[in-house]
Every structure is written in structure tokens, then in C-alpha cells.
Amino acid sequence: MQKLLENVYCFSNLLVGRVYAIKDADGWTIIDAGLKLAVPRILAQLKRAGYAATDVKRILITHAHPDHVGGLPDLRSVTGAAVICSAFERPYVEGKKPVVQPNRNDVPPLARMMLSSKPTAMKGTPVARVLKEGDTLPEVLGGLQAVATPGHSPGHMSFWHPTLKVLFIGDVVMRILAPGLRLPFAGFTTDMKQNKRSVQHIAALEPELLLFGHGVPMHDAAPKLKAFASKL
């Protein structure tokens, strides 16, 4: 695991996407679960740090896309952790609804190639708690806040610590394929206009450390994020 801040870590070598870990007084909180193949790597890195799978107490989910919840059933099974997400995202995490895709007519021709011919539901995982905008998890870093950031998915949620100025943003913005920031891929984003509004929302928070679902962490992020948001 790579240490990013005191008690905040990122798992290494998961191949696709990023999974974060927060060390709390009662154990660990993990943000997102990655693909199914990521789970053994997550558990191995916890073990090397001296912790058991059952030391994971909570798994926070930004959104129910396969690269963020594909490993959730296995991770929850071995840890027994409470799964937490937004109310909007709950039926997708629990496998009761198929993953939402954008309207084919709303995405560029190239992006249409990313769309599945038949949307399918993920293997479901029970959700223990749902969050809405402004809810606080006092047991996580002393007060991690839920920030509603819909667009990439209907109930996408980010997680914000106002004192540490650190923001876990899932896929609201990415930092891949270019040195700067970019919007998420249109073929996987249900409502790009709404996602752009979510970018404005998180830019107003002025985060100093931006932690992406895809891309290396960004320090001194506030002016860069504001500049990006101003161009949308």
C-alpha cells in the first residue's frame, strides 16, 4: 500500500482503477472494491501491513460500475464489512437493477462501441447503510462527508474531508491519457451534462488532494480543478 496522508493509503498494482484504504480507530475503511481480480491483491497488501481481512469494517462505494464493485461480493464475503453507498446506487450494488447506460443518441459514434448490447446487473451485495448529500461518517477519519456527484452514474457519490481537504471523487473526473484532467468516458457516463455540474460542485470545495478512481493522486488540486471546471 502507498501512504498518501496520515492514515490514508492506496492499494498498488490493481491493474484497473484505484482502491483506497483509511485506517480508523476500529479498523479499516476501504473506498471502492475494484475488479474481482483485485481482491486477492487487496487482502495480500493488508496482510503484509499486519492486518487481517476482518479488520476491514466498512466499504464505501462511489458507484456501481464493474471496475468499482466487481470485487465487492468477494471482498465483503471475506471481511464481513458493512457496505455503504448512496440510496440511488443501492439497487445496482445489490444487483436488483442492471447497470445504467447512456442513451445511444447522446454519445459520440466512437463511444457507442463501449455500450453493451444488453445491460446486465452486477452480482449483488447487501448494502448496510445509505448516504445522502451532507451526511457524515464520524467513525471515518473523524468525519468523512458524503458529496452527491451524479452524472457518471445516477447515484455517484464522492467523499470529502473538510479539515484534511482530501476528496475521493470516483469517476467524476479522471487523470488518464493526458497529464491534466479529463471528463469520464462518454460511453460509460449516463448523463454528461449532470456530470459537468458535479465537477462544478466539487471544484467549489477547493480540495488540496484529489483522489481519482482512475489516475494518480493530484496534490495542490484546487486551482487545477477550478481551471478545468471553468472550461466546461
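Reader: Before we start, what does "exposed" mean here?
Author: A residue is exposed when its relative accessible area is over 50%, and buried when that area is under 20%. The model discussed here is predicted.

Reader: Is glutamate 6 buried or exposed, then?
Author: Glutamate 6 counts as exposed, because its relative accessibility is 55%.

Reader: Which residue does glutamate 6 form a salt bridge with?
Author: The partner is lysine 3, and the closest N and O atoms are 3.1 Å apart. Lysine 3 counts as partly exposed, at 47% relative accessibility.

Reader: How many salt bridges does the structure hold?
Author: The structure holds nine. One of them joins the side chains of glutamate 94 and arginine 90, at 3.2 Å from N to O. Glutamate 94 counts as buried at 16% relative accessibility, whereas arginine 90 is partly exposed at 32%.

Reader: And what about lysine 226, which residue is its partner?
Author: Lysine 226 forms a salt bridge with glutamate 206, with 2.5 Å between the closest N and O atoms. Lysine 226 lies in helix H7 and glutamate 206 in the loop between helix H6 and strand E12, so the pair ties together parts that are 20 residues apart in sequence.

Reader: Changing topic: where is threonine 29?
Author: Threonine 29 is in strand E4, which covers residues 27-31. Threonine 29 counts as buried because its relative accessibility is 0%.

Reader: Which side chain does threonine 29 make a polar contact with?
Author: The side chain of aspartate 24, at 2.7 Å. Beyond four places in sequence, the contacts of threonine 29 include Asp24 and Arg58. Asp24 and Arg58 are also linked with Asp26 in a network of salt bridges.

Methods: Residues numbered from 1 in each chain as written. Predicted model: local features only at pLDDT ≥ 70, side-chain atom pairs only at ≥ 80, totals over all residues. Heavy atoms only, no water. Helix = DSSP H or I, 4+ residues; strand = E, 2+ residues; numbered from the N terminus. Buried < 20%, exposed > 50% of the residue type's maximum accessible area, 1.4 Å probe, protein only. Polar contact = N/O pair within 3.5 Å; in protein donor to acceptor, adjacent residues only side chain to side chain. Contact = heavy atoms within 4.5 Å. Salt bridge = Lys/Arg side-chain N within 4 Å of Asp/Glu carboxyl O.
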